[in-house]
Every structure is written in structure tokens, then in C-alpha cells.
Amino acid sequence: MECQHFLPLKISERSTLSFNVSGKYAPGDRDGWRVDTTASTPGLQVKLRNDGDSRNYSFGANLGYRYKLGKKGSVNASYNFSRDYARSKQLAVDFLSDPQGVVDTVNSYHYTTDTYTHSLQTSLQYRSGDVWIMAGLGGVLYDIARSERFPKEERFPRLFFQLNPTVYLSVGKSRKRFSFNLASFPQMIPLDALRSTLNATNPLSLQAGNPGLKLQNDLSGSAGFQFTDVKKALSFSVRLNGSYTFNYIAQRRTLFLEDTYLPQYDYTARKGAQLTTQANVGGNYNLGGRVSYSQQINPLRSTLNVSVNYGFSQTPYFTGEDLFHSVRHSLGFGFGFDSGFSSKVKLNIRSNTSMSSYTTQKETAQELREQLTARVDLRFGKYFGSVGTLYEFYCNSRSHALTRHNVILNASAGRKFGKENRLGLSAGVIDILNRPDYATTSFDTDYIVTSSTSYLGRYGYLRVAYTF
């Protein structure tokens, strides 16, 4: 069940007040035993789980105020309040060790979260001719109370407060324009990450929270310049961007080479199990830039597009208990050509090339990707046809076996019928060369994943289309 109400109120010629309220309620009850085979322990002891008695409700209110400063500026202020409540019960009982049933204290939770959020946002806006300025300052207060009521009831209140500045500047007309913006915003920590209990549903993949986590906060900014000449059909732009994350949360993974007792959870991790926790570490930052150019070639009545972009990122990560930083550089080139010199023959070409380097404490991996697409469309009276091709190339320094060249070639031809050419009949072939394999690799902070793509292979088709 969900409801919402909005009420605007004009106080005077210069000031306006607005009020908004919303609410949501969702009860749940899933009583009934179910077998959880992933929680099986040595000896094939099966955990029987009963979930039920869950309730979730939330409501919030927003109060906004705006005051005009003449014709060029205004002051805005808003206050937002919300409350989120969630309760759930999860009981795990082992009936194979004891016919009467033995409660599994590790995998049983009676859990409640109660979160209050207060946020205050103020801003000043000014616009005069070619200048537009907006500056604001916001504050967010999170009041979180968690109750873990099994095997005994305990309450864990936490208070988070964050200031978030915002600046936006735009100077110039549509022909030449400079812009700059700076913004900061918090990332609320998932409540599961704040739990003090251990999730051992899968004994080989243990999940634990960290009640002492600090709020993660992102600060990002960008600056750009754009030049446009309508008469010459020319456009040029430059943009720089960057971001920094305070109190970055990284995953810590611990592999147990022998059975290990964990006193904080009163649990013994078996040999081969991995424990995942979270921790605040230093900062994570990204830097990047992009230059693009577009020009119409009048003699050919065609358009040319060129772009260059660069990116750099540094990300902290754990290997065991040790903290490292991964570094990634990327450089990309883009090219495009669209012909307009003939209504009978149209040519479209696109090329994207990207090179990247990824470094960890162990090694450096490099990769190269190239994708080229070209298409020719023909139209002679009632007859039409097209030929399109896609070329893909990929290689990386970790494995030459992953090097791939892939070419897909498609072709079709057809004819229009009727006085207004409303009926069309065409035939075509997809993937004439039958080259169906392609592989790519993605890099993360402490692992690399390779995936492959398989196309359907060569096939033909007949198409009938009618325009109403």
C-alpha cells in the first residue's frame, strides 16, 4: 500500500511554499518450512528454515520554500524527513542431529532496522544574460537503530552526518559556452553491511558485517568548453572530469586453510571457507577527459566526427589482510563518417579503438579493442539494397590465446510495390562469412573475467513490409 500527497502554496508575489508527504506499508508472512541444501553441514545435516513475520513501512515529508530576488535570482530551501522500518524473523532448525530439533544460532536472525533521515538543502540561483550560477549547501543526517534479537536482544544505534556542497557555473552563449560543476553526495551503507552477526547459510562462503563502517562520500566535478558555428556546421568541445571517494568501502576476503574458530561469532570456519567483510580504506579517485570535433564537408555534403578520450582510476583493494591499489589507464579514439552527397547511395562508417592498461601488485595487463562498422544503402527507383559489415579485434597481454578477429557481413535486396510504394518485399543473408566467435576481458580490482560471444551463424530471411 502506497500513498502520496503534494500541496503548493503561494505566500506572496515573491515567495512560494510547498509541502509533500508520502507513505508505504508492506506486511509479509512466509511461515512454512523449506529445505536449504546450500546450508548443509558435514554429515548431510540439512537446515530447515522458516521465514515469517516481516513488516516494512516508510513515510516521509518534504517542506520547500522559494524566494525571488528580483528578476535574476532566487533563494531556495527545503527540508526532508523520512522514516523506514523493517522487521523480519529467520529461524534455522536442524532436525537430523536431534529429532526434536536443534536451533542453529548462527543462521537464525530476528532482525529489525529503524532508520530516520533528516536532510536540509539550501541554494542560491542567479541568471543574467549569458551567466548562470547556482550554489548550494546541504546536510544529511542518518539515525539508524538496528536490533538483533537472537539469541538475545541487542540494539546498535548509529548516527551519520554529512555536508554536501554543490556549485554550477555556466558562462557564454550557444556559440561559445564554458561550464563548471562540483557536487558531493553520500552513499548510504547497506544495512546488512552493518550487522554484527555472521551469515553462514553457505558454509564455504561466509558473509559478515562491520558495525563500525563510516559513511562513504563522493565528491565529483567537471569543467568543459563548447564551441559551435552553425553557418559552417562545426562543433568542438573539451571536457575534463574527476571524482574522489572519501571513506571508500572495500571488500576484505579471508581464506581459511584449516578449521578456524571465530570467537566474535562463536563459529568454526571449516577448511577451504572464505570470509568476506567490509572496511573503510583511504580514497578512490578517477580522472578523465574528452575532446570531440564535428565538421560538415560541404563539397561532399557529408559529416565527419572525431573524438579522443582518456581515463585514469586508482582503486584500493585487499588481498588477504594486505591493502593494495590497482591503477587503470585507458585511451580511446572514435571516428565517424555520414555521407549525404546522393539520395541513391548512402555511406555510413564508424570506428572505435580503445587501449587500456591495468596494474595490480602482481602484474600489469594490457588490452586492445577495435570495432569498425560500415554500411552502404542503395536506392534506385523501386529497387533497394544494403551491405553492412562489422569487424572486431581484441587482444590482451595475459593470454595470446584470447586474440580474436571477427568479421560479420550482411547483405539484402528488395523491391517496392504499389503507387505509393507502400508494400516492400526483400531477401537477405546474415553473417555470410559465418564467423561466430568473439571474446572480451573485463578487469576488476583483484580479478579478471573473460567472456565470449557466439552469434547464431549464417542464415537467410524473407521480409514483407507494408506502410499504412
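This is a predicted model: local features need pLDDT of at least 70, side-chain atom pairs count only at pLDDT 80 or more; totals for chains, interfaces and linings use all residues.

Select Tyr244 first. Is Tyr244 buried, partly exposed or exposed? Its relative accessible area is 30%, so Tyr244 is partly exposed. Look at the two rings together: the centres of Tyr244 and Phe246 are 4.8 Å apart and the planes sit at 75°. Planes over 60 degrees apart count as edge-to-face, so that is the name for this pair.

Next, jump to Tyr466 and Phe468. Their ring centres are 4.9 Å apart with the planes at 75°, so this pair is edge-to-face. Tyr466 is partly exposed at 46% relative accessible area, while Phe468 has 84% relative accessibility and counts as exposed. How many aromatic pairs does a search of the whole structure find? The search turns up six.

Now for charges sitting over rings. Select Arg127 and Trp132: Arg127 lies over the face of Trp132, 4.9 Å from the ring centre. Then try Lys416, which lies over the face of Phe384, at 5.7 Å from the ring centre.

Last stop: Lys152. You'll find Lys152 in the loop between β8 (131-148) and β9 (154-172). With a relative accessible area of 55%, Lys152 is exposed. Show His110 as well: Lys152 and His110 are 42 residues apart along the chain, and their C-alpha atoms are separated by 9.3 Å.

Definitions and conventions. Residues are numbered from 1 along each chain as its sequence is written. Side-chain values use heavy atoms; hydrogens and water are left out. Helices (H or I, at least four residues) and strands (E, at least two) are DSSP runs, numbered from the N terminus. Buried means under 20% relative accessible area, exposed over 50%, partly exposed in between (1.4 Å probe, protein chains only). Rings of Phe, Tyr and Trp (its six-membered ring) pair if their centres lie within 6.5 Å; planes under 30 degrees apart count as stacked, over 60 as edge-to-face and the rest as tilted. A charge sits over a ring if NZ of Lys or CZ of Arg is within 6 Å of the ring centre and within 35 degrees of the ring normal.
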